[in-house]
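Dear colleague,

Please find the structure we discussed directly below. My notes on it follow.

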Amino acid sequence: MPTHRDSTFEAKVLAVVRRIPPGRVATYGDVAELAGHPRAWRAVGTIMRICCAPTVPCHRVIAAGGRLGGYSNPLHKRQLLQAEGVVVGPRAIRDFDRVRWRA
């Protein structure tokens with residue numbers, strides 16, 4: 001399984017996340033699978049945590065089941081998603097199946 005230091009995997013993850021359209025979300029597991037390592041969802045989380053590139057919409061990557069998951073500023077993540085039209089309930093994305101992006 002790749003680690004966050006595997007630059008090839010990291011590049012694939014960032015490329016996948018850049019493709020998530022506004023108003024849509026993908027889980028850490030979805031991103032890991034699309035990057036070629038379906039069991040590397042934790043590594044995806046680490047990459048999202050350390051990513052500071054403004055061209056990567058990290059806020060669109062969420063936890064399984066539509067939960068918001070970790071983020072350096074959960075309120076900001078909620079606000080960014082809401083600004084894109086994603087309805088965020090108290091604990092999870094509403095209509096998760098409708099806004100979930102799987103390429």
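In these notes, a residue is called buried when its relative accessible area is under 20%, exposed when it is over 50%, and partly exposed in between, using a 1.4 Å probe and protein chains only. Helices (H or I, at least four residues) and strands (E, at least two) are DSSP runs, numbered from the N terminus.

This is a predicted model, in which local features need pLDDT of at least 70 and side-chain atom pairs count only at pLDDT 80 or more, while totals for chains, interfaces and linings use all residues. Residues are numbered from 1 along each chain as its sequence is written, and side-chain values use heavy atoms, with hydrogens and water left out.

Overall fold. The protein chain contains five helices and two strands, in the order α-β-α-α-β-α-α from the N terminus. Of its 103 residues, 41% are buried. Its C-alpha atoms fill a box of roughly 35 × 25 × 20 Å along the principal axes.

Helix α1. Phe9, Val13, Leu14, Val16 and Val17 are its buried residues. An α-helix has 3.6 residues a turn, so residues three or four places apart point the same way. The cover over the buried residues of α1 includes α2 (28–34), α3 (41–50) and β2 (61–62), where contact means heavy atoms within 4.5 Å.

Arg60. This residue sits in the loop between α3 and β2 and is buried, at a relative accessible area of 10%. Its side chain makes a polar contact of 2.7 Å with that of Glu84. A polar contact is a pair of N or O atoms within 3.5 Å; within protein, one must be able to donate a hydrogen and the other to accept it, and residues adjacent in sequence count only if both atoms are side-chain atoms. Beyond its neighbours within four places in sequence, Arg60 also touches other residues, including Ile20, Pro21 and Leu81.

Cysteines. With a disulfide taken as a pair of cysteine sulfur atoms within 2.5 Å, the count is zero. The sulfur of Cys51 is 3.8 Å from its closest cysteine sulfur, in Cys58, which is too far for a bond. Cys51 is buried at 18% relative accessibility, whereas Cys52 is exposed at 74%.

With kind regards
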